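Student: Please take me through the structure shown below, one question at a time.

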Amino acid sequence: MKPVTSRIATGAVAGAAGTLALDATTYLDMALRGRPASSTPEQTVARIASLFRLPLPEDAERRSSRLAAVGALLGMGAGVSTGVVLTLLRSAAGPRGTVATSGTAWAMAMAVGNGPMWVLGVTDPRTWSRVDWAADAVPHLAYAAAAVATLRVIERGRQGGT
């Protein structure tokens with residue numbers, strides 16, 4: 001069995017690949033449909049700051065920039081950490097385990113990406129239209145495909161496969 005630090009590093013790389021795929025798919029959708037970026041990451045950060053009474057800049061431009069930056073960083077952290085958890089679950093399942101499937105990765109990415117926003121009252125997926133669901137589900141499917149493919153490539157490389 002690989003040391004836990006090696007599994008964490010593998011998961012971080014898989015999560016980063018998934019995050020890149022999610023972001024690229026999202027930006028492609030924005031470019032093709034001419035839609036604006038979602039404001040939910042910024043709203044989530046603002047809600048967290050309010051809950052924990054964290055100060056935000058008074059200046060509207062600086063405040064907006066800070067919320068956007070922290071929202072993006074939280075998204076990256078969520079993507080990387082989801083990859084780590086996926087890898088640890090896969091490792092715990094053993095050599096015959098099928099825990100790290102694309103379906104599992106997609107469900108985890110959807111839950112990690114949308115769960116906090118739902119709990120904080122920023123959005124409610126129960127009210128989303130089909131277009132809203134597609135705009136959210138498709139990038140998370142890209143995340144899952146890229147994260148799981150990256151995991152498999154790394155694992156094959158460690159086993160001496162091509």
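Student: Which element gives the most residues to the lining of the largest pocket, and how many?

Tutor: This is a predicted model, in which local features need pLDDT of at least 70 and side-chain atom pairs count only at pLDDT 80 or more, while totals for chains, interfaces and linings use all residues. Residues are numbered from 1 along each chain as its sequence is written, and side-chain values use heavy atoms, with hydrogens and water left out. A pocket is an open set of points on a 1 Å grid over the protein atoms alone where a 1.4 Å probe fits, with protein on both sides within 12 Å along at least five of seven lines; lining residues have an atom within 4 Å of a point. On that basis, the largest contribution to the lining of the largest pocket comes from α3, with 9 residues.

Student: Which residues lie nearest the centre of the largest pocket?

Tutor: The lining of the largest pocket comprises 42 residues, and those nearest its centre are L22, S38, T40, P41 and M117. Elements that give two or more residues to this lining are α1 (4-33), α2, α3 (60-92), α4 (102-119) and α5 (130-158).

Student: How many residues of the lining of the largest pocket are charged?

Tutor: Ala, Val, Leu, Ile, Met, Phe, Trp, Tyr, Cys and Pro count as nonpolar, Asp, Glu, Lys and Arg as charged, and the others, Gly among them, as polar. In the lining of the largest pocket, 23 residues are nonpolar and 13 are polar, and the number of charged residues is 6.

Student: Is T44 buried or exposed?

Tutor: T44 belongs to helix α2, residues 40-51, where a helix is a DSSP run of H or I with at least four residues, and a strand a run of E with at least two. T44 has contacts (heavy atoms within 4.5 Å) with M117, L120 and V122, leaving aside residues up to four places away in sequence. Buried means under 20% relative accessible area, exposed over 50%, and partly exposed in between, with a 1.4 Å probe and protein chains only. Because its relative accessible area is 8%, T44 is buried.

Student: How far apart in space are A21 and A145, C-alpha to C-alpha?

Tutor: A21 is placed in helix α1 and counts as buried because its relative accessibility is 18%. Residues up to four places away in sequence aside, A21 touches A142, Y143 and A146. A21 and A145 are 124 residues apart in sequence, yet their C-alpha atoms are separated in space by 8.5 Å.

Student: What is the relative accessible area of G83?

Tutor: G83 is found in helix α3 and touches G11, G15 and Y143, not counting residues up to four places away in sequence. Between G83 and L151 there are 68 residues in sequence and 8.8 Å in space, C-alpha to C-alpha. G83 is buried, and its relative accessible area is 0%.

Student: What is the phi of R53?

Tutor: R53 lies in the loop between α2 and α3 and counts as exposed because its relative accessibility is 76%. Most residues other than glycine have a negative phi. R53 is not a glycine, yet its phi is positive, at about 55°.

Student: Which element has the lowest mean pLDDT?

Tutor: The protein has 5 helices and 0 strands. pLDDT is the predictor's confidence in each residue, from 0 to 100; the mean for the protein is 92, with 94% of residues reaching 70 or more. Among the elements, α2 has the highest mean, 97, whereas the lowest, 93, belongs to α5.

Student: What percentage of the residues in the protein are buried?

Tutor: The C-alpha atoms fill a box of roughly 55 × 35 × 25 Å along the principal axes. Of the 162 residues in the protein, the buried ones make up 33%.
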